[in-house]
Amino acid sequence: MGARLPLRLARTAAFAAVCVTLATLAHVLGGGAAPAPGTAALGLAAVSALGLALCGRERSALTINLVLVGAQLGLHELFAGEGASYVTVHGHAQGGLAVGTGMLLTHLTATVITGLWLSRGEAALWSLLRRIGRRLVLLAPVAVSCPRPAAAIVRTRVVPLQPGFRHCVARRGPPLPA
């Protein structure tokens, strides 16, 4: 079953909002600075674009979690690289993905929680849509307008009876009782 645009937009908004909110919370709880509103909006736009590209049909829990891991890593890089405070807050001068254990664990925890939550919501949503679809099919029969076929033209050939059979009477049936 595929999703039309309104459903895709709703699913994308839910995915992006949850992903960016939990990434921000995990980033702050892991020892990082809160991202600026512009950076958070950029992250939201990037995750929304990714979500819109992937939400055309139902996705498995594994796919959702893999996308979330990538999104969390990307959001961490985006949030961490927004200023000079990155070096002092994170405690490492190289930046990149060489993060502390606390930061890594909070991002992975956010990913697991979000993945489980979204995959359960995904399964529930598609189950509900299937049930509604089945009920609509049962309640409202499909009205298909098909043109009525024209009456079939039957062409027969009338064969004249032979003169010997014109007055012949067939008396078939069971024998008369005695």
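Reply: Helices (H or I, at least four residues) and strands (E, at least two) are DSSP runs, numbered from the N terminus. This is a predicted model, where local features need pLDDT of at least 70, side-chain atom pairs count only at pLDDT 80 or more, and totals for chains, interfaces and linings use all residues. Residues are numbered from 1 along each chain as its sequence is written, and side-chain values use heavy atoms, leaving out hydrogens and water.

Me: Thanks. Where does Thr111 sit?

Reply: Thr111 is in helix α5, which spans 101–139.

Me: Is Thr111 buried or exposed?

Reply: Buried, with a relative accessible area of 4%. Buried means under 20% relative accessible area, exposed over 50%, and partly exposed in between (1.4 Å probe, protein chains only).

Me: And what does Thr111 touch?

Reply: Leaving aside residues up to four places away in sequence, Thr111 touches Asn65, Leu68, Val69 and Gln72. Contact here means heavy atoms within 4.5 Å.

Me: Stepping back, how many helices and strands are there?

Reply: The protein chain has five helices and zero strands. Of its 178 residues, 23% count as buried.

Me: Which residues make up the largest nonpolar core?

Reply: There are 12: Phe15, Ala16, Cys19, Val20, Ala23, Val47, Ile64, Leu68, Ala71, Leu75, Phe79 and Leu118. α1 (5–29) and α3 (61–80) each supply at least two residues of this core. A nonpolar core is a set of buried Ala, Val, Leu, Ile, Met, Phe, Trp, Tyr and Cys residues joined through side-chain atoms within 4.5 Å.

Me: What about Leu118, which residues does it touch?

Reply: Phe15, Ile64 and Leu68, again not counting residues up to four places away in sequence.

Me: New topic: what lines the largest pocket?

Reply: Its lining has 17 residues, with Arg11, Phe15, Ile64, Leu118 and Glu122 nearest the centre. On a 1 Å grid over the protein atoms alone, a pocket is an open set of points where a 1.4 Å probe fits, with protein on both sides within 12 Å along at least five of seven lines; lining residues have an atom within 4 Å of a point.

Me: Which helix gives the most to that lining?

Reply: α5, with five residues.

Me: Last one: where does UniProt place the transmembrane region?

Reply: The unreviewed UniProt entry puts it at residues 36–55, though annotations may be inferred rather than shown by experiment. Over residues 36–55 the model is 90% helix and 0% strand, and the end C-alpha atoms are 28 Å apart.
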